[in-house]
Amino acid sequence: MGLRQLLLDLPTTCSRQEALYTAAADLHDRGIRGWRNLELRTTDPTSTASIRRFTFTYWHPATVPAAPPNLSYHVLWERMDQPARTALLRLAPATVVTAQIENALTRANAHDVLIRDPDGRYHLPRSLRLLRALADEYR
(Lines give C-alpha, C1' and ligand atoms only; values in the text may rest on other atoms or scores of the structure.)
Protein backbone atom coordinates (compact mmCIF):
# COMPACT_ATOMS: atom_id res chain seq x y z
CA MET A 1 0.00 0.00 0.00
CA GLY A 2 1.43 3.36 -0.95
CA LEU A 3 0.41 6.98 -0.75
CA ARG A 4 0.12 8.61 -4.17
CA GLN A 5 -0.49 12.12 -5.38
CA LEU A 6 -2.71 13.49 -8.14
CA LEU A 7 -2.44 17.05 -9.48
CA LEU A 8 -5.28 18.64 -11.42
CA ASP A 9 -5.77 22.14 -12.76
CA LEU A 10 -9.41 23.06 -12.13
CA PRO A 11 -11.46 26.25 -12.23
CA THR A 12 -11.08 28.52 -9.20
CA THR A 13 -14.85 28.27 -8.66
CA CYS A 14 -14.70 24.48 -8.26
CA SER A 15 -16.12 23.40 -4.88
CA ARG A 16 -14.37 20.86 -2.67
CA GLN A 17 -17.00 18.21 -3.50
CA GLU A 18 -16.79 18.88 -7.23
CA ALA A 19 -12.98 18.71 -7.08
CA LEU A 20 -13.10 15.35 -5.26
CA TYR A 21 -15.66 14.00 -7.74
CA THR A 22 -13.49 15.15 -10.64
CA ALA A 23 -10.36 13.59 -9.13
CA ALA A 24 -12.17 10.27 -8.56
CA ALA A 25 -13.45 10.32 -12.16
CA ASP A 26 -9.94 11.08 -13.42
CA LEU A 27 -8.46 8.14 -11.50
CA HIS A 28 -11.18 5.88 -12.90
CA ASP A 29 -10.65 7.13 -16.46
CA ARG A 30 -6.92 6.45 -16.19
CA GLY A 31 -7.56 2.87 -15.12
CA ILE A 32 -6.32 3.36 -11.57
CA ARG A 33 -8.34 0.90 -9.49
CA GLY A 34 -8.37 -0.09 -5.85
CA TRP A 35 -7.55 3.36 -4.49
CA ARG A 36 -8.92 4.51 -1.13
CA ASN A 37 -9.14 7.65 0.99
CA LEU A 38 -8.95 10.29 -1.72
CA GLU A 39 -8.32 13.64 -0.04
CA LEU A 40 -7.90 17.19 -1.26
CA ARG A 41 -4.67 18.47 0.29
CA THR A 42 -3.97 21.90 -1.18
CA THR A 43 -4.96 24.37 -3.84
CA ASP A 44 -2.37 26.70 -5.31
CA PRO A 45 -2.56 29.58 -7.77
CA THR A 46 -1.39 29.18 -11.36
CA SER A 47 -0.38 31.79 -13.89
CA THR A 48 -4.04 31.89 -14.97
CA ALA A 49 -6.37 33.72 -12.56
CA SER A 50 -9.38 31.47 -13.21
CA ILE A 51 -7.45 28.19 -12.67
CA ARG A 52 -6.00 26.68 -9.49
CA ARG A 53 -3.75 23.65 -9.06
CA PHE A 54 -5.51 21.09 -6.82
CA THR A 55 -3.34 18.50 -5.05
CA PHE A 56 -4.97 15.25 -3.95
CA THR A 57 -3.59 12.21 -2.17
CA TYR A 58 -4.94 8.67 -2.14
CA TRP A 59 -3.87 5.24 -0.96
CA HIS A 60 -3.18 2.64 -3.61
CA PRO A 61 -2.56 -1.09 -3.04
CA ALA A 62 0.48 -1.16 -5.35
CA THR A 63 3.76 -0.70 -3.51
CA VAL A 64 5.65 0.79 -6.44
CA PRO A 65 4.98 4.55 -6.65
CA ALA A 66 3.71 5.83 -9.97
CA ALA A 67 4.41 9.25 -11.38
CA PRO A 68 1.31 11.44 -11.21
CA PRO A 69 -0.04 12.50 -14.60
CA ASN A 70 0.98 15.98 -15.68
CA LEU A 71 -2.33 17.78 -16.05
CA SER A 72 -1.23 21.39 -16.13
CA TYR A 73 -3.95 22.57 -18.46
CA HIS A 74 -3.13 26.27 -18.32
CA VAL A 75 0.40 25.55 -19.62
CA LEU A 76 -1.05 23.25 -22.27
CA TRP A 77 -3.47 25.99 -23.33
CA GLU A 78 -0.69 28.55 -23.66
CA ARG A 79 1.30 26.20 -25.91
CA MET A 80 -1.57 25.52 -28.33
CA ASP A 81 -2.55 27.69 -31.28
CA GLN A 82 -6.12 28.99 -31.66
CA PRO A 83 -7.36 26.34 -34.15
CA ALA A 84 -6.17 23.56 -31.84
CA ARG A 85 -7.80 25.23 -28.82
CA THR A 86 -11.10 25.51 -30.68
CA ALA A 87 -10.96 21.87 -31.77
CA LEU A 88 -10.12 20.76 -28.22
CA LEU A 89 -13.10 22.64 -26.77
CA ARG A 90 -15.46 21.08 -29.30
CA LEU A 91 -14.35 17.54 -28.51
CA ALA A 92 -16.45 15.91 -25.79
CA PRO A 93 -14.47 14.10 -23.08
CA ALA A 94 -15.93 10.70 -23.98
CA THR A 95 -15.18 11.13 -27.67
CA VAL A 96 -12.21 9.51 -29.35
CA VAL A 97 -9.47 12.07 -29.95
CA THR A 98 -9.03 13.11 -33.57
CA ALA A 99 -5.67 13.08 -35.32
CA GLN A 100 -5.75 16.91 -35.28
CA ILE A 101 -6.02 16.99 -31.48
CA GLU A 102 -3.43 14.25 -31.01
CA ASN A 103 -0.98 16.15 -33.24
CA ALA A 104 -1.69 19.44 -31.46
CA LEU A 105 -1.08 17.85 -28.06
CA THR A 106 2.12 16.23 -29.31
CA ARG A 107 3.35 19.60 -30.66
CA ALA A 108 2.52 21.16 -27.26
CA ASN A 109 4.52 18.39 -25.55
CA ALA A 110 1.35 17.33 -23.73
CA HIS A 111 0.55 13.89 -25.13
CA ASP A 112 0.42 12.50 -21.55
CA VAL A 113 -2.85 14.40 -21.00
CA LEU A 114 -4.61 11.80 -23.13
CA ILE A 115 -6.13 8.63 -21.68
CA ARG A 116 -5.80 5.38 -23.63
CA ASP A 117 -8.78 3.02 -23.46
CA PRO A 118 -8.46 -0.79 -23.58
CA ASP A 119 -8.92 -0.69 -27.37
CA GLY A 120 -5.91 1.61 -27.74
CA ARG A 121 -7.91 4.73 -28.64
CA TYR A 122 -7.19 8.03 -26.93
CA HIS A 123 -9.73 10.10 -25.00
CA LEU A 124 -9.59 13.37 -23.08
CA PRO A 125 -9.85 13.24 -19.28
CA ARG A 126 -13.16 14.36 -17.78
CA SER A 127 -11.39 17.05 -15.78
CA LEU A 128 -10.61 18.93 -19.00
CA ARG A 129 -14.30 19.66 -19.57
CA LEU A 130 -14.30 21.82 -16.44
CA LEU A 131 -11.78 24.19 -17.96
CA ARG A 132 -14.08 26.15 -20.24
CA ALA A 133 -12.87 29.11 -18.16
CA LEU A 134 -9.65 28.97 -20.16
CA ALA A 135 -11.54 29.70 -23.36
CA ASP A 136 -13.14 32.77 -21.84
CA GLU A 137 -9.93 34.08 -20.32
CA TYR A 138 -7.89 33.80 -23.54
CA ARG A 139 -10.45 35.51 -25.80
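Strand 1 and strand 3 (residues 51–60) run antiparallel to each other and are joined over 10 bridges, where two strands count as paired if DSSP finds at least two bridges between them. Helices (H or I, at least four residues) and strands (E, at least two) are DSSP runs numbered from the N terminus. Within this pair, Leu7 stands opposite Thr55 in strand 3.

This is a predicted model, in which local features need pLDDT of at least 70 and side-chain atom pairs count only at pLDDT 80 or more, while totals for chains, interfaces and linings use all residues. Residues are numbered from 1 along each chain as its sequence is written, and side-chain values use heavy atoms, with hydrogens and water left out.

The pair belongs to an open, antiparallel sheet of 3 strands in the order 1-3-2. Its edges are strand 1 (2–11) and strand 2 (36–45), each of which pairs on one side only. Across Helix 1 (residues 16–29), the view extends beyond the sheet: this helix lies across strand 1, strand 2 and strand 3, and runs at about 120° to strand 1. Such angles, from 0 to 180 degrees, are taken between the N-to-C directions of lines fitted to C-alpha atoms, for helices over the stretch in contact, contact meaning heavy atoms within 4.5 Å.

Taken as a whole, the protein has 5 helices and 5 strands, which follow the pattern β-α-β-β-α-α-α-β-β-α along the sequence. Of its 139 residues, 45% are buried, that is, under 20% relative accessible area (1.4 Å probe, protein chains only).

How values were computed: Buried means under 20% relative accessible area, exposed over 50%, partly exposed in between (1.4 Å probe, protein chains only).
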